[in-house]
Amino acid sequence: MSLLGWFNKRRAKKAYAARLPSLLESRYGKAAHYSPQQIKSTVDDAQMSNEYLCYAIAMFASRDDFQRHYVTQPLALGLDYDRLRSEMASPDSSLSGGEFNHSLHEVNAHHATHSDYGGTSLDSGSSMVDTGM
């Protein structure tokens with residue numbers, strides 16, 4: 001992966017971890033998991049990158065929903081729920097090291113006090129772009 005690719009992936013992962021917990025909760029209520037469609041819709045409406053959407057879905061969807069969603073995606077060969085969650089917990093994702101076993105509410109609380117990401121909110125307008133994932 002190129003340096004630019006690594007940077008874009010890291011940036012997307014940090015945005016998902018920092019912004020999605022509160023956005024999902026405000027749109028769909030407090031839940032242990034959200035559907036892949038709810039996650040994708042929230043990412044689109046918040047104008048975040050869809051390029052690494054599989055990480056967001058691995059973070060916030062159940063294992064079964066993740067697997068069902070990506071079974072229908074022809075380019076999803078090799079996506080592994082546990083590996084993606086583990087990558088989200090790597091040091092460069094700004095979450096604690098080790099396996100990603102944090103609840104949605106723990107992630108939200110962590111980023112409420114530690115995040116310096118200042119992206120736009122859903123209230124700032126949006127454009128719907130469907131990437132097919």
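These legends accompany views of a predicted model of one protein chain.

**View 1. Overall fold of the protein chain.** The protein chain contains 6 helices and 0 strands. Followed along the sequence, the pattern reads α-α-α-α-α-α. Among contacts between residues at least 6 apart in sequence, 62% link residues at least 24 apart.

**View 2. Burial and accessible surface of the protein chain.** The protein chain has 133 residues, and 41% of them count as buried. Its accessible surface is about 7300 Å². Carbon and sulfur atoms account for 53% of that surface.

**View 3. Crossing of helices α2 and α3.** Helix α2 spans residues 36–45 and helix α3 spans residues 53–60. Their axes come within 10 Å and cross at roughly 130 degrees. The crossing of α2 past α3 is right-handed.

**View 4. Residues in the contact between α2 and α3.** On the α2 side, the contact is formed by Pro36, Ile39, Lys40 and Val43. On the α3 side, Leu53, Ala56, Ile57 and Phe60 take part. By class, the residues of this contact comprise 7 nonpolar, no polar and 1 charged. Which residue is the charged one? Lys counts as charged, and Lys40 of α2 is among the contact residues.

Terms used
Residues numbered from 1 in each chain as written. Predicted model: local features only at pLDDT ≥ 70, side-chain atom pairs only at ≥ 80, totals over all residues. Heavy atoms only, no water. Axes fitted to C-alpha atoms, helices over the stretch in contact; angles between N-to-C directions. Helix = DSSP H or I, 4+ residues; strand = E, 2+ residues; numbered from the N terminus. Left-handed = near helix turned anticlockwise from the far one by under 90°. Contact = heavy atoms within 4.5 Å. Buried < 20%, exposed > 50% of the residue type's maximum accessible area, 1.4 Å probe, protein only. Areas by Shrake-Rupley, 256 points an atom, 1.4 Å probe, with all protein chains shown as cover.
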